[in-house]
Amino acid sequence: MAKQTNNNIRLGIFVTLAVALFTLAIYYVGARKNIFGVQFHISTLVKNANGLQTGNNVRYSGIVVGSVKDIVFINDSTLQIDMVLDKKAKTFIRKNAVASIGMDGLVGNVIVNISPGKGDSPLAKDGDVIASYTRQETSDMLETLGSTNANVALLSMKLLEISTKLNEGPGTLPLLIRDSLMATEVAQSLHYLRIATENIAIISRQLQAASGNIAAGKGTVGYLLHDETLPHQLEAFVSRLDSAVIAQTEPVIADLKKSGADIAAASAELK
């Protein structure tokens, strides 16, 4: 009888501890999932859930603020993710916040990340639908990476082919690369070209200096360009020269006219 009583006592203690642990677990899970706290609901629309499940965490700026309540099909290309958030998150989540689906670490669970929007915007209200950002899927990234690797391999083959032709081909460029004498001649040509360039630079500086002297009125050319009396002197000289020429040629012209008349009379007599 005493043994049975002890067993009943032990069983009662065990059941009591089990109920207490179960109650604590319920409250612990409820606290993490915000079951017993004040809540508010927001949603977002996405094209692909990427493995997101009901009950997964929702984070805002890296802090867990709620969980995924439900995932609903809107149509064949749109899903609505309903989220249950802690009431205190309502004081800093705004209407322009952006939701995206990500991973909790490299191999962790799929979660919803809510990022603050740019600029000022009113605070989100219960039942609001915020914008979403679709990240590139891993399969798409791997496909892009594979395409890039194929292009790199093709480019490497082309570069190898070009380098082989440059080293062994019969063209002009391979000949220039292999011909050491021609390389020396090209180097000498470049040397002479550099000397000619330096000489041209010296001549340019000299011409610039001469132009400066002419502009300042120095030298014969500068004097001729800046002397304002020279045109008047030339005009007077030309006038005097015309008068002198006319004075010297008038007697000759008169003699020529007289000779012409005499020749005309002689011709008449001869006729």
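**Terms and their cut-offs**

Tutor: Let us begin with T78, whose place is in strand β4, strands being DSSP runs of E of at least two residues, numbered from the N terminus. This is a predicted model, in which local features need pLDDT of at least 70 and side-chain atom pairs count only at pLDDT 80 or more, while totals for chains, interfaces and linings use all residues. Residues are numbered from 1 along each chain as its sequence is written, and side-chain values use heavy atoms, with hydrogens and water left out.

Student: Why is T78 called buried?

Tutor: Buried means under 20% relative accessible area, exposed means over 50%, and partly exposed lies in between, with a 1.4 Å probe and protein chains only. T78 has a relative accessible area of 19%, and is therefore buried. Leaving aside neighbours within four places in sequence, T78 is in contact (heavy atoms within 4.5 Å) with L45, V46, V72 and F73.

Student: What makes the pair of Y60 and F92 tilted?

Tutor: A search of the whole structure finds 1 aromatic pair. Rings of Phe, Tyr and Trp (its six-membered ring) pair if their centres lie within 6.5 Å, and planes under 30 degrees apart count as stacked, over 60 as edge-to-face and the rest as tilted. The ring centres of Y60 and F92 are 5.1 Å apart and their planes stand at 40°, so the pair is tilted. The pair links distant parts of the chain, since Y60 is in strand β2 and F92 in the loop between β4 and β5, 32 residues apart.

Student: Which residues touch the most other members of the largest nonpolar core?

Tutor: A nonpolar core is a set of buried Ala, Val, Leu, Ile, Met, Phe, Trp, Tyr and Cys residues joined through side-chain atoms within 4.5 Å. Among its 23 residues, those touching the most other members are L52, V58, M83, L85, V112 and I114. β4 gives the most to this core, with 4 residues.
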